[in-house]
Amino acid sequence: MTNIPPPPMPGTKPILDPKSVVKDRSMEFQKELIGSYYDRLARSPETGEKTVATFVPGNLAELIQCFGLVPILPEINALQSGMRKQSGHYITEAERMGHSEDVCTYVKCDIGMFHEGNVGPTGAVLPTPDHLLLSYTGCFTFMKWFELLREEYGCPSTMLQVPYQARGEITPEMKAYVVKQLKTEVIPALEKLSGVKFDIDLLREKLTLSARAEDDLVAVLEAAKARPSPIDAYFGGVYYIGPIFTAFRGTQEGCDYYRVLREEVEERVRQRRGPTTPEGEMTDERFRLVVEGPPNWTNFREFWKMFYDEGAVVVASTYTKVGGLYDRGFRHDPSDPLGSLAEYCLGCYTNLSLPKRVELISDYVEEYGADGFLINSVKSCASFSAGQLLILREVEKRTGRAGGFIESDLVDPRYFSGANIKNRIESYLQMVEQKRAAGATA
Amino acid sequence: MTRTTAELMAFAEDLYYDLDFKSVKRWKVKTGGHAIGFMPVYAPREIVHAAGAMPVGIVGAGDWLEVIRGDAYYQSYLCHIPRSTIDMAESGRLDFLEGMLFPSTCDVIRNLSGMWQIVKPDMYTRYVDVPQNFTDGVGGQFWAHELRTLAQELGERTGTEVTDERLRASIALFNENRRAVCDLYSLRRDEPARAPTSEVYLMVRAGLVMDVEDHTALIREYITAARNITPPELDNARVIVVGAFCEQPPIGLIKSIERSGCFVVDDDLILISRWFTDNAAETGDPIEALALAFVHDSVPTAVMYSAKAGRGKAVVERVRVARAEGVIFAAPSFCTPALLDQPMLVAELDREGIPYTAFKFAENAGQFQPIREQTGTFADTMKLWSVA
């Protein structure tokens with residue numbers, strides 16, 4: 001077990017430095033990147049660029065780029081709608097059309113957004129996809145989601161089935177199955193859509209860039225092992241993963257972004273600075289936590305504030321691994337382009353078995369010197385949520401650290417009860433403190 | 001001596017309510033065989049059988065088990081079948097099983113396969129990752145490998161090697177069983193008053209905890225007995241029930257639908273009993289036969305990917321074949337596959353002008369009056385105002 005030094009006494013100094021509310025260079029860089037992506041997407045009907053809708057976990061960004069296609073990411077559109085307070089209206093619209101209140105709100109938000117004019121986060125109308133590339137990695141809902149969209153858009157779809165790592169391993173047969181689908185289904189479909197012949201050397205070039213960015217992302221995430229942590233690996237982490245989980249893996253811009261970000265974070269480590277929050281730099285790290293599960297997007301700032309107001313920093317999270325477990329060693333490999341894409345799809349966090357998830361979270365608690373771990377269980381996502389109460393008990397048993405459990409939703413504002421969540425987080429942190437105090441006196 | 005439908009029903013009801021699986025335990029003692037559980041929707045029962053084990057359907061605990069431990073594993077916004085299943089595991093009710101198969105039905109059952117590895121570390125556990133690609137050399141090949149692995153592992157577990165000969169014999173037995181069940185469904189479709197769904201359901205469900213040959217004989221016996229009764233004269237509306245392919249509705253709910261004035265002339269309950277729409281080949285490589293039967297002849301259902309648009313066309317075809325007047329959507333609460341599928345089916349029914357109604361249920365639901373009123377009104381509406 002990691003030897004955890006005693007925590008600073010709570011309340012001995014201010015937690016935040018409001019004078020430091022300035023945007024880092026990487027933030028501006030990312031804003032430009034994401035803005036350029038949405039502009040390109042919005043202009044695609046004029047430019048004639050074809051679009052392909054796909055999902056974040058197990059996405060084939062480099063392959064899509066090889067055909068000059070522009071990805072549409074419905075999950076990202078949904079979470080952006082959540083952050084812009086639009087999702088509630090879209091969800092209601094979808095439910096009015098007959099979609100059940102019991103199902104994933106990403107799906108309903110996406111369908112509601114389409115029926116309400118398909119306006120993207122930059123205010124521009126987004127195009128409908130020319131093709132649906134269904135990468136079925138770790139989420140059953142994805143399959144039904146694209147079947148629903150296919151009915152809406154009337155465009156063709158291609159399925160890439162990614163076998164589940166039920167026993168915590170990727171077998172040669174699993175990999176071969178994914179590669180075979182890439183060769184016989186996905187690549188021919190994208191060739192037909194784009195009119196571009198597949199160039200494996202171009203894919204190799206893109207995978208080389210991917211691996212470079214992945215190295216830098218891992219350095220950023222692992223910087224949270226420092227004390228104080230220079231980053232928040234959950235609330236800040238979702239920004240850090242943005243470019244690499246979406247349209248910029250395999251691009252030079254993506255590499256440049258992660259190099260800038262890494263340099264910033266390494267500088268923060270050298271200066272022993274805490275993470276940036278919307279209200280300034282955290283100067284008093286009181287709790288180090290690991291978080292499992294996606295964040296809530298409708299009240300993202302409010303949710304984050306509940307943590308930094310208490311001096312709680314998230315040092316590792318599972319959500320930032322849904323688009324790839326790079327910190328466990330995986331890198332896209334130009335020497336095995338299609339095999340590497342297959343391994344990537346197979347290895348995403350949501351494709352891990354429950355025992356492997358328990359193992360990973362327990363390892364994070366130890367490796368990052370966490371005081372405890374917290375599960376944000378979201379109603380929408382059975383892929384994450386089913387089994388989390390057992391995960392809670394198992395990780396507690398293995399690590400001896402306190403586990404907490406809160407419930408919310410991805411983009412349904414009706415399922416975010418701020419007072420309840422705040423109360424639970426405060427109670428949980430008190431429990432962590434008591435446990436820590438008991439450990440220190442033992 | 002030939003049994004009456006009432007006597008056969010009493011037999012099937014005993015099995016239905018037996019959460020201690022006494023019939024399976026008796027079978028094990030009698031034959032020295034093993035028992036391997038499986039959850040909905042599809043598991044290759046032929047392979048389990050060929051390995052000298054009875055495939056035992058674990059489809060929840062209905063409304064007659066008070067779930068206590070299971071609720072400690074699941075949040076309120078997840079369906080009921082996993083909580084009753086793990087409750088049965090925790091209370092020792094499933095200790096008679098040598099193994100458990102978890103098909104890739106949805107994320108909840110998928111994750112339950114991992115929970116099982118933790119909760120029941122000594123039990124053989126396998127996730128059955130069925131193909132969603134239906135090309136012979138792609139999804140078919142992957143599935144054949146999965147089946148071979150399963151056959152080998154089960155053989156090692158039971159001590160009975162799954163030889164080609166044994167597997168071909170098992171395929172033949174399950175083909176015969178499927179034909180019997182389909183004959184029963186045809187009888188109900190043609191003469192629903194003679195074979196009501198509350199009876200047909202229990203007869204088919206009995207197959208989850210019986211030896212396959214005994215179950216085939218039971219179904220045949222019921223068909224004969226049902227043909228000998230004088231059915232009541234009823235002017236019910238003909239409906240099909242869609243959405244209850246995993247978590248099962250309590251029998252009281254099925255009876256309520258019928259008593260409200262509906263003949264249920266098709267359904268997707270206990271779908272595994274008629275999963276293949278054609279016989280699996282009984283000659284040649286039996287693994288290939290099962291793999292190809294799956295990729296070519298699986299019944300269309302929400303858990304299977306549809307490579308082409310028009311998901312609702314299959315339900316319209318079922319309405320036509322069953323000569324149904326309308327559709328009742330009965331999905332378990334929080335059932336992702338059924339509830340995400342439903343809008344696509346509804347859209348097609350709207351296009352075809354086929355009436356429908358929808359409600360949700362949980363396997364432990366105890367109050368059926370609102371559903372009875374809803375389906376009764378639906379039946380009346382169809383009878384009074386239908387164009388025909």
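1. Start in chain A, where Pro74(A) sits in helix α3, residues 74-83. This is a predicted model. Pro74(A) has a relative accessible area of 3%. The cut-off for buried is under 20%, so Pro74(A) counts as buried.

2. What does Pro74(A) touch, leaving aside its neighbours within four places in sequence? The contacts are Thr54(A), Asp110(A), Trp145(A) and Phe146(A). Take Trp145(A) from that list. Pro74(A) and Trp145(A) are 71 residues apart along the chain, yet 9.6 Å separates their C-alpha atoms.

3. Next, the interface. The size of an interface is often given as the accessible area lost when the parts come together. For chain A and chain B, the buried area is about 4,500 Å². Carbon and sulfur atoms carry 58% of that area. Three residues of chain A stand out: Phe140(A), Tyr164(A) and Arg167(A). Together they supply 14% of the area that chain A buries against chain B, more than any other three residues. By residue count, chain A brings 53 residues to the contact and chain B brings 56.

4. Now the fold of chain B. The chain holds 14 helices and 8 strands. Its C-alpha trace spans about 60 × 50 × 45 Å along the principal axes.

5. Burial and contacts in chain B come next. Of the 388 residues, 65% are buried. Consider the contacts between residues at least 6 apart in sequence. Of these, 76% join residues at least 24 apart.

6. Chain B carries 39 positive and 53 negative side chains. The centres of the two sets lie 1 Å apart.

7. Why is α10(B), residues 251-259, described as largely enclosed by the rest of the structure? Because 7 of its 9 residues are buried. The buried set includes Ile251(B), Leu253(B), Ile254(B) and Ile257(B). Gly252(B), Ser256(B) and Glu258(B) are buried too. After α10(B) comes Gly261(B), with a positive phi near 110 degrees.

Notes
Residues numbered from 1 in each chain as written. Chains lettered and ligands numbered in written order. Predicted model: local features only at pLDDT ≥ 70, side-chain atom pairs only at ≥ 80, totals over all residues. Heavy atoms only, no water. Helix = DSSP H or I, 4+ residues; strand = E, 2+ residues; numbered from the N terminus. Buried < 20%, exposed > 50% of the residue type's maximum accessible area, 1.4 Å probe, protein only. Contact = heavy atoms within 4.5 Å. Lys, Arg positive; Asp, Glu negative; His and termini not counted. Charge placed at Lys NZ, Arg CZ, Asp CG, Glu CD. Buried area = accessible area lost by both parts, 1.4 Å probe.
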